[in-house]
Every structure is written in structure tokens, then in C-alpha cells.
Amino acid sequence: MDKIKLTIDNKQIEVEKGTTIYKAAKELGIYIPVLCYMNLEGLNIENKPGGCRICVVEVEGRNNLAPSCSTDVWEGMVVNTHSMRVINARRTVMEFILSDHPKDCLTCAKSGNCDLQDMAVKLGVREIPGQEYAEMSTYKIDFSPSIIRDLDKCIMCRRCEMMCNDFQTVGALSAFNRGFEAAVGPAFEMELEDSTCTYCGQCVAVCPTGALTEKDHTRDVINALSDPTKKVIVQTAPAVRAALGEEFGMEPGTLVTGKMVSALRRLGFDYVFDTDFAADLTIMEEGTELLDRLTKYLSGDKEVKLPILTSCCPAWVSFFEHYFPEMKDIPSTARSPQQMFGAIAKTYFADKISTKREDLVVVSIMPCLAKKYEAQRDEFKVDGNPDVDFSISTRELAHLIKEANLDLNTLPDEDFDKPLGESSGAGVIFGTTGGVIEAAVRTAYELHTGKKLEKLDFEQLRGFEAIRKATIDFDGTPINIGIAHGLGHARKLLDEIKAGKSEFHAIEIMACPGGCIGGGGQPLHHSDTSILKARAEAIYREDAGKPIRKSHENPYIIKLYEEFLGKPMSEKSHHLLHTAYFDKSKKIEMS
Amino acid sequence: MTNLGGNKMSRHKQIRIALNNCGVIDPENIREYIARDGYLALGKCLTEMKPDDIIREIKDSGLRGRGGGGFPAGLKWEIAAKNQADQKYVVCNADEGDPGAFMDRSILEGDPHAVIEAMAICGYSMGATKGLIYIRAEYPLAIKRLKIAIDQAREFGLLGKNIFKTDFEFDIELRYGAGAFVCGEETALIHSMEGLRGEPTIKPPYPAESGYLEKPTNVNNVETYANVPIILRKGANWFNKIGTEKSKGTKVFALAGKIKNVGLVEVPMGTTLREVIYEIGGGIENDKKFKAVQTGGPSGGCLTEKHLDTPIDFDNLVQAGSMMGSGGMIVMDEDNCMVSVAKFYLDFTVEESCGKCSPCRIGNKRLYELLDRITQGKGEMEDLKRLRNMSNVIKDTSLCGLGQTSPNPVLSTLDNFYDEYVAHVTDKKCPAGECKDLMTYFVIEENCVGCTACARVCPVGAITGEKKEVHYINPEICIKCGACEERCKFDAIIVK
């Protein structure tokens with residue numbers, strides 16, 4: 001690789017050809033402020049439209065300032081990152097940006113966690129000249145079940161567009177209008193709900209301002225907890241415990257399972273349960289379905305649909321309903337853990353505590369925004385009453401905990417309630433990419449072969465590579481497994497299946513980078529991939545420390561089948577724990 | 001027929017190279033083009049010249065891009081030729097968008113084959129077999145004539161396979177633009193052709209390395225191509241004798257504004273502004289006083305009396321604080337308010353910014369707002385400093401040529417007409433009498449006979465007065481429409 005020598009702020013450095021000024025400066029420990037630029041290293045996710053012009057620097061011999069995020073270095077380049085010309089330009093550009101941005105930071109969901117706010121502080125903006133007569137661009141606020149778009153706050157960084165188009169290949173968001181009226185949204189200024197949006201929430205996860213936020217349900221939860229006639233129970237998804245601590249200043253990757261349970265109990269939830277329990281249940285159903293299809297396939301049944309695809313991720317479910325409806329009989333029919341939990345809670349558990357369905361409120365804490373949409377899908381309601389009443393994100397939970405004056409750092413560790421709070425390590429690893437299929441393998445292997453697994457850690461299924469492949473020996477039967485995180489990567493595997501070229505028996509798909517730990521409802525990673533990796537490690541740590549690490553050995557799962565469901569794929573299971581998918585593809589007719 | 005300035009336009013001092021055939025041949029008949037040595041250059045290139053020879057000839061000619069940037073065309077071709085790829089493209093930028101400019105349209109309407117021939121030559125020299133003309137859909141006649149010309153060229157074996165019985169094949173397709181000004185920027189143009197949003201991207205990579213569909217692409221504008229066949233016919237040494245040291249050949253300008261003869265002129269580089277305005281253009285309309293000339297369209301600047309003897313070429317115009325641009329030339333007289341002129345151009349750039357980068361998207365809007373306030377008499381001296389700072393930062397930080405030049409009208413008027421800005425700000429007066437908000441209509445008592453005609457025509461009832469008595473205009477009600485002034489037969493109403 002060719003090397004290039006250059007000088008930045010009087011310091012010399014040698015970097016590889018093709019390096020940008022921004023990256024070269026970073027190697028020297030020189031921080032150039034960036035706003036639209038975003039790089040999730042190792043995940044191949046980079047946004048550098050060169051649009052905000054905050055990162056401009058002075059390059060000797062060049063007439064105008066250069067955007068450091070997208071200008072490659074050249075031999076002998078001399079760069080000044082903080083000359084007065086640069087400082088004046090940066091501050092003036094920032095004043096431009098702020099002059100077209102609402103000043104309602106007091107009530108903005110992003111306040112305190114906003115890249116734009118941080119940048120205004122860093123650049124020392126104290127006033128916006130001419131604000132009193134500056135016209136602001138205004139748009140209608142778009143409310144969807146998961147995501148709220150307030151484009152008055154859009155600064156055209158295009159990160160959401162990049163995530164939606166390049167990474168997820170969903171294509172719901174793109175720039176519309178031009179000049180001062182330009183913003184990012186669905187085509188023809190449709191509402192998100194009418195677009196192909198899957199509610200994966202990755203646009204929200206990367207938005208530097210309050211233009212894209214989640215639909216907040218904390219007020220509904222407060223109301224439910226204040227209502228003496230209701231029993232309110234809560235379930236917490238596996239990825240939440242690996243990230244919640246970050247909101248309280250803890251190191252990324254700190255596990256706060258016990259403290260989280262403690263906080264939820266102090267918030268007044270009558271029972272604190274675990275979605276991991278439902279994850280174990282998912283493995284029983286999905287694993288059985290996999291074995292069922294596999295057995296039929298191996299005995300020569302040509303009709304059976306393989307590979308089987310996981311169905312825990314609601315954004316992924318939306319994705320294939322929109323883009324691959326002709327393949328909707330391929331994914332497992334198993335509902336997601338959130339919905340399995342809700343269905344069991346409002347039947348089996350409601351009976352146990354002699355509470356009527358309508359008096360039981362199920363709240364879920366999710367790393368995900370698509371879960372909000374999933375919870376209100378019609379299939380998951382009985383007479384209009386949803387199995388899961390409110391789904392709130394990790395961020396929303398953090399707000400609630402802070403609002404209740406609870407300090408997560410000092411709370412004691414407490415255990416989940418029984419029976420729906422007991423889980424195996426297999427349920428925990430649902431929270432990271434590759435975890436669902438590893439959990440399924442642990443159970444399916446033992447059920448299929450009748451033998452005990454000697455080693456439970458399937459390292460070949462772990463990691464952050466976009467698409468991973470592994471073959472697991474099921475006692476002489478090789479099972480080919482595929483894993484994809486990110487819908488763009490999933491699309492590649494689906495195209496293979498469509499073309500009849502797929503070599504897999506089972507595929508796990510998660511919409512978000514890194515799986516649920518990188519979900520749209522998690523504490524903001526501010527484009528630091530190491531945070532996602534630390535969360536994944538925490539998940540595997542929790543698994544390793546669990547006394548039970550296989551779903552089918554969870555005693556409360558065994559009991560649930562004995563007392564209520566019968567066996568996996570039973571009629572009752574089918575009714576409560578499985579679902580059907582719909583064709584959501586549509587053509588836009590141009591008249 | 002193409003408007004070439006009518007009969008009044010003097011041919012004196014003009015040389016026709018790009019417009020050589022315009023108005024002379026029937027553009028819908030390829031035989032007429034061939035009769036004037038059309039396709040001779042292509043034949044010569046394919047049968048007698050190697051690609052390198054052609055590129056050298058174009059380089060030697062000193063031909064620079066006529067779209068605005070003035071980049072040496074031969075060098076562009078050379079870079080595209082050197083980049084190896086399975087497919088390359090020759091693109092013609094016919095997205096002419098400067099207000100009042102119609103050089104390219106005239107060439108395409110009057111001499112479409114010159115462009116087709118040049119594109120084929122370019123294709124041969126760089127190793128491309130496909131040509132694309134990106135043309136605004138608002139140019140229906142140019143599109144029609146191009147289509148006819150392409151069909152005829154195919155019929156005559158001048159496009160398609162085995163052109164002039166050689167192995168060379170080349171064909172051209174049209175791509176329609178929706179009239180966005182920014183799509184004249186080559187990267188935005190390419191994105192638009194690809195079906196993407198017409199937005200510029202940062203260069204490098206240059207189109208010559210990675211352009212249309214990420215293949216090496218040469219983008220030149222219509223007028224640049226129109227110069228190519230004649231250069232190859234008559235030789236680089238013929239061409240480079242015309243013009244100045246660093247700007248060779250001629251330039252077509254669309255002369256407009258307060259000038260007696262409006263229309264297209266083609267003059268050798270090095271002609272002075274005075275010669276264009278007074279000798280070719282016939283001087284200022286109604287023999288009023290010349291005030292300024294705006295060159296380079298919205299990206300250019302306003303030049304004054306002291307620049308009139310500047311020889312026009314790429315570098316001189318930039319040095320004077322304006323630019324060549326694609327060839328717009330608008331002449332202004334003493335009645336033009338320079339703050340309003342700057343505002344007019346900013347209004348255009350605000351409308352035409354794609355919105356991708358913040359200084360152009362928001363900064364230009366803020367510039368416009370400030371200018372608007374000044375024309376309304378709401379400006380302060382501090383605002384003039386802000387105008388300059390904002391302008392400099394927008395130029396310094398914008399992503400593409402649009403934002404990098406959009407403040408030029410503001411900066412050049414600040415430089416050359418600062419007193420006029422000050423008059424707006426401190427005296428709350430518009431010396432040119434163009435800013436309505438700064439004007440008041442008065443009745444001159446001595447002249448008023450009390451005929452009541454003004455009061456009757458006033459649409460808002462601002463004028464009162466008894467018959468045969470002096471009338472009064474209430475400035476609070478007056479909307480400054482000027483109807484009274486126009487109606488008064490006694491010169492009793494004036495505006496100050």
C-alpha cells in the first residue's frame with residue numbers, strides 16, 4: 001500500500017493512500033469536529049456526504065476550505081485544522097444550521113444527548129445573528145406507531161437515508177424538495193406508515209438531532225402504574241440489561257440485570273419478568289419447527305420449505321412482508337419472544353393470579369422500536385385488547401428510572417419474579433447477532449440426537465461479520481447455518497433462496513447492526529462500534545454465568561408445557577405462540 | 001430560426017466558430033451540414049489520426065471548457081482516455097440554466113450535427129462507444145432537432161457500427177433534465193442521468209475517473225463540443241491564434257439587459273467589454289448612463305465602468321471579481337439598483353440550491369433575507385459586515401460550484417457599489433429609485449391642477465383632495481404602485 005506523508009497542524013504523519021484528512025488527523029490525536037459524518041468501524045457503515053461543512057479545514061494551495069471527512073490526503077499536503085479562517089467558517093456555518101433549527105431543547109427528546117447541541121457548545125455559538133427575521137423551514141410532524149419524524153429539526157446530515165438505503169436496503173427515506181425546503185422522508189412526502197418502513201429504528205439510532213425519535217409511551221406506563229385497578233407486569237428483553245447502564249454513566253458492556261429488576265420493582269410493577277423466558281419458549285417452538293422440517297426433508301419430503309428463517313425480529317418480518325411476500329411461508333411461524341410473553345401472560349399467568357385479561361397490563365422493555373409497532377399488530381390482540389399493551393425502549397426506561405429519582409448505580413441486585421422470570425443462557429443470547437440460532441442449535445441438537453452437548457459455546461456462530469456461515473454436525477447430519485445482521489445483508493441471503501441457490505437449512509436474521517444490542521431503542525452509540533461489541537460480550541458473559549444454558553432445561557418452561565400448552569407445536573401452542581404473515585408489497589400507481 | 005441578434009446586431013468584431021453554421025444551414029438536413037465540411041473532421045480522425053493525435057491537437061488548440069469552469073478540454077479528454085474500463089461515456093452537458101442565457105440552445109437548434117460529430121470524435125479519442133446528451137426538457141425544439149440529427153447520422157453511417165468503414169462504433173442517446181440549475185454541475189448531472197437525486201458529490205473522484213455508472217466519463221458542454229470539429233479541420237494552430245494567451249478561440253455571449261441590441265454574440269477572447277457593449281450591442285438603451293455589466297450569470301459578478309476596457313477571457317474576468325460562466329451578459333444602467341440586482345441573483349440561487357450542504361442551503365437564504373431587509377430600509381451598518389462574512393464563508397465552505405460562486409453578485413456589488421448599500425442603510429434611500437419600500441410619492445403643489453385623475457386611479461384610496469385643489473398622497477396608505485404618476489398629465493406627481 002502506498003504511503004503518503006503530510007503535515008497537519010505542524011505535525012508530520014505518514015498514512016496510507018486513500019486516507020481522509022479527518023482520519024489522518026485522528027491518528028495524530030487531533031480532533032476535527034464532525035456533524036454529518038458517521039463511521040461505524042468494522043461494520044462497513046459510513047456516512048460522508050460532505051454536507052454539513054462543519055469539518056472543513058484549510059489546505060495550503062487550495063482556494064477554498066476542504067471537508068476533512070471526505071477529502072483524501074496527498075503527498076506533501078499541509079493542513080491547518082483550526083486556523084482563524086477555519087474557526088470563523090465553522091462557527092458561521094453552525095449559525096446557519098441553528099438559524100433553521102427550532103430552539104425547543106427544553107422539551108426535545110434528544111436534549112442532553114444531541115450531537116447538534118454538543119456541537120453548538122463546542123463551537124461557542126452564543127447567538128444567532130438575524131434569528132428574529134430568519135424564516136424557518138417547517139413540515140408536518142409524522143406520527144407512526146414507532147417513530148416520530150419532526151423534520152423541522154432535520155439538518156440534512158443524511159445519516160438516516162444512508163442507514164435506510166445502503167445498510168438496510170429498505171429505501172423508505174430519501175431527500176425530497178430542494179434548497180431551503182429540502183429534507184429527508186418517504187417519497188412523495190408520504191407518511192412513514194404508508195411507506196416500506198420496517199420500523200427498525202436505525203434512522204433514529206443515528207439521527208444527530210431530535211428530527212427522528214421514538215414514539216414515547218412512558219406517560220402510558222406511568223398512567224397504568226398509577227391505576228389501582230390494574231395489575232401491571234413488565235418483561236425485559238435480553239439486550240436491555242447489557243446497555244441500560246450506559247445511560248447512568250457506566251462503562252459500555254456493564255451488565256445491570258439485577259439493578260434493572262430492582263429499579264422496575266421500585267417503579268411499582270407488580271411482577272418483574274423476563275423476555276428471556278419467552279425466548280426459551282421461542283426456542284421450543286421454533287426449534288421443534290426446524291427439527292420437524294428437517295426430519296421431513298431428510299426423509300425425502302420435497303414439499304418442505306427450507307431453509308427455515310427465524311422470526312423474532314419484527315423489523316425483519318416487516319421487511320419480508322414488504323419485499324419478499326412470495327416467500328412468506330419460509331420463515332418460522334413462531335411469534336417473537338415479546339409476543340409469546342404477552343400471549344402467555346394474558347392467559348396462563350392471568351389465570352394464575354386470577355386477574356381478568358383487561359385488568360392486566362403488560363409492559364415490555366425493548367432495545368427496539370419495531371416492537372412498538374409489533375405490539376399493536378391486529379394478530380396480537382384479543383377483542384381489541386393487545387397481548388402487549390406498551391412497549392418502551394431502553395432509553396425510555398432510563399428516563400423513567402431517572403424521573404423516579406432512582407440511581408441505578410446504587411440499587412441492590414434483585415432477582416426476577418417467578419414463573420415468567422426464569423430463563424436459560426440460551427434465552428439471554430437472543431440479544432446479539434447469532435444468538436438465536438446458537439440457542440436453537442443447543443436445543444435442536446439434543447432433541448434430534450438424543451445426546452448431551454459437550455460444548456455449548458458455538459464460537460463459529462458468533463462475531464460481527466455481516467454474513468456468517470457455519471456447518472454444525474448433528475451427529476452425522478451436517479446442518480448448514482447462515483446468519484445475517486442488517487437487512488441489506490439479509491436481502492442477499494433471500495435473493496439466494498429465491499434463486500434456489502441457498503445452501504442453508506436455517507438462517508438467523510436480525511435487522512440491526514450487531515442484532516438487538518444495536519437496536520433502534522438502545523442508548524445512542526454515537527457511532528462508536530466498540531460500544532456494540534462490549535454489549536455483545538456482556539450478553540455472552542451473562543450466558544456463561546447461568547446455571548441453565550439450554551432452553552429445554554428451563555424448569556418453568558417444562559412446567560408451562562406440563563400445566564398448559566401440552567407440547568411444542570400443539571394446538572394450543574399454535575393458537576397462542578404462532579402467527580401468519582401478510583403480503584404488504586404494493587405498487588404506487590402514478591396517474 | 002434561431003435569434004442571432006436580429007438585423008441590428010453588428011457583425012463587426014465578431015468571429016463565428018461555435019455559431020458557424022447557425023442560421024446558415026437547415027439543421028434538419030444533414031446534407032447541408034455535410035456540404036459545409038460537416039463530418040470531415042470525424043472522417044479525418046477515424047481514418048488518418050490516432051486517438052493520441054486528436055487529444056494532442058485539442059490540447060494544442062488551447063480549447064477550454066465553455067460551461068463555466070474553463071478547464072482545458074484536451075486535458076479532460078486525456079485523463080478519460082488514460083483510465084481503462086470496459087465501458088466509457090461521452091456526455092454532453094446541455095443543461096443550460098443561467099437566467100437569460102441561450103447559447104447552447106441556439107447551437108443545438110441551429111447546428112446539432114456539430115455536437116454529434118464532436119462527441120463521436122471524443123468517443124474515438126478516449127475509447128468510448130456511448131454518448132449521452134443531458135438536455136433540459138424545456139428545450140423541445142433542440143430535442144426535436146437533435147433527434148432528427150441523430151437519426152440522420154445513423155442513416156448516413158456516421159453513428160452506429162463501422163463508422164467510415166472502420167471498427168469504430170459510437171451512438172448517442174438523449175437524457176432529459178427537469179430544469180434544475182444544479183444539474184449543470186457535472187457530478188449532479190451524472191447522478192440525475194443515473195436516476196438519482198440531482199445532487200453534486202465531492203470531487204475527486206472526477207467523472208474522468210469514475211462518472212456515469214462509475215465508468216470513466218467525459219463531460220463537456222455544448223459550446224465546447226461545437227468548437228471541436230472546426231479545430232480538427234483547420235488545425236490547432238489556426239484556433240490558438242485567436243484569443244488571448246491563456247484563453248483561445250471565441251466565446252458566445254447572450255447579451256441582454258439595458259442594451260440596444262440584445263441577442264447572441266460570438267467574439268474572440270480578448271475583446272473588451274466596451275467593444276461588446278458599445279460596438280456590437282450598440283450602447284445603452286435610451287442612451288442612459290452605463291452602470292454595470294453582470295457576466296457569468298448568477299455565479300458571476302457585476303463589473304463597472306472601470307472594467308470596461310478589460311479584455312474578456314477566463315482569467316481576467318475572475319481577476320476583476322466576476323467570471324466567464326457559460327456566457328450570460330446582462331447590462332445595467334443608472335436605473336438599476338445594485339442591491340436589488342444582488343437580491344435578484346440570490347433569489348435564483350436560493351431557488352436552485354439542491355440543499356445538500358448547509359452553507360448553500362441555509363446561508364444563501366440568509367443572504368437573501370438580509371438583502372431583502374436592506375432594500376426595505378431595515379438594514380443596519382452591521383449588516384453590511386455580516387453580508388460580507390456570510391458571503392465569504394459560503395464561498396469558502398460550499399460543496400459545489402453553485403454555492404462556491406453564489407455570493408459573487410453580493411461581493412462584487414459590495415466592492416463596486418458600497419455607497420449604494422450605505423444609502424439604503426443609513427439614508428433609507430435607493431439612489432436608483434428601484435426599491436419601492438424606500439420611495440415616497442409626492443404631489444408637487446405648483447403643478448397640481450386638481451383634476452382628480454390621480455385620486456380616481458389610485459387603487460387604495462390614498463389620494464385625497466377637492467376638485468381644482470391641490471391633492472395629497474397619504475404615504476401610510478400608498479402602496480407605491482405608480483398608477484397616479486403614470487396618469488398625471490401635469491407632471492405633478494414625483495417619486496423620491
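First, the conventions. This is a predicted model, in which local features need pLDDT of at least 70, side-chain atom pairs count only at pLDDT 80 or more, and totals for chains, interfaces and linings use all residues. Residues are numbered from 1 along each chain as its sequence is written, and chains are lettered from A in the order in which they are written.

Start with chain A. Its open sheet of 4 strands has the order 14-13-16-19, with parallel pairing. Strands here are DSSP runs of E, at least two residues, and helices are runs of H or I, at least four, numbered from the N terminus; two strands pair if DSSP finds at least two bridges between them. Strand 14 (271-274) and strand 19 (390-393) of chain A are the edges, each pairing on one side only. Strand 16 (residues 360-366) of chain A is joined to strand 19 of chain A by 4 bridges, and Val363(A) stands opposite Phe390(A).

Helix 10 (residues 337-352) of chain A lies across strands 13, 16 and 19 of chain A, at about 155 degrees to strand 16 of chain A. Angles run from 0 to 180 degrees between N-to-C directions, with axes fitted to C-alpha atoms, for helices over the stretch in contact. Contact between two residues requires C-beta atoms, placed from the backbone, within 7 Å.

Now chain B. The axes of helix 4 (residues 73-82) and helix 6 (residues 112-126) of chain B come within 8 Å and cross at roughly 45 degrees. The two are therefore oblique to each other, a class left over after under 35 degrees (roughly parallel), over 145 (roughly antiparallel) and 65 to 115 (roughly perpendicular). Trp77(B), Ala80(B) and Ala81(B) meet Cys122(B), Ser125(B) and Met126(B).

Next, the cores. A nonpolar core is a set of buried Ala, Val, Leu, Ile, Met, Phe, Trp, Tyr and Cys residues joined through C-beta atoms within 7 Å; buried means 20 or more other C-beta atoms within 10 Å of the residue's own, again placed from the backbone. In the largest core, of 316 residues, Trp316(A), Val115(B), Met119(B) and Ile121(B) touch the most other members. Helix 6 of chain B gives the most to this core, 10 residues. A second, separate core has 12 residues, including Cys458(B) and Ile493(B).

Last, where do the chains meet? The contact takes 30 residues from chain B and 31 residues from chain A. On the chain B side, helix 14 (358-375) is among the contributing helices, and its share is the largest, 10 residues.
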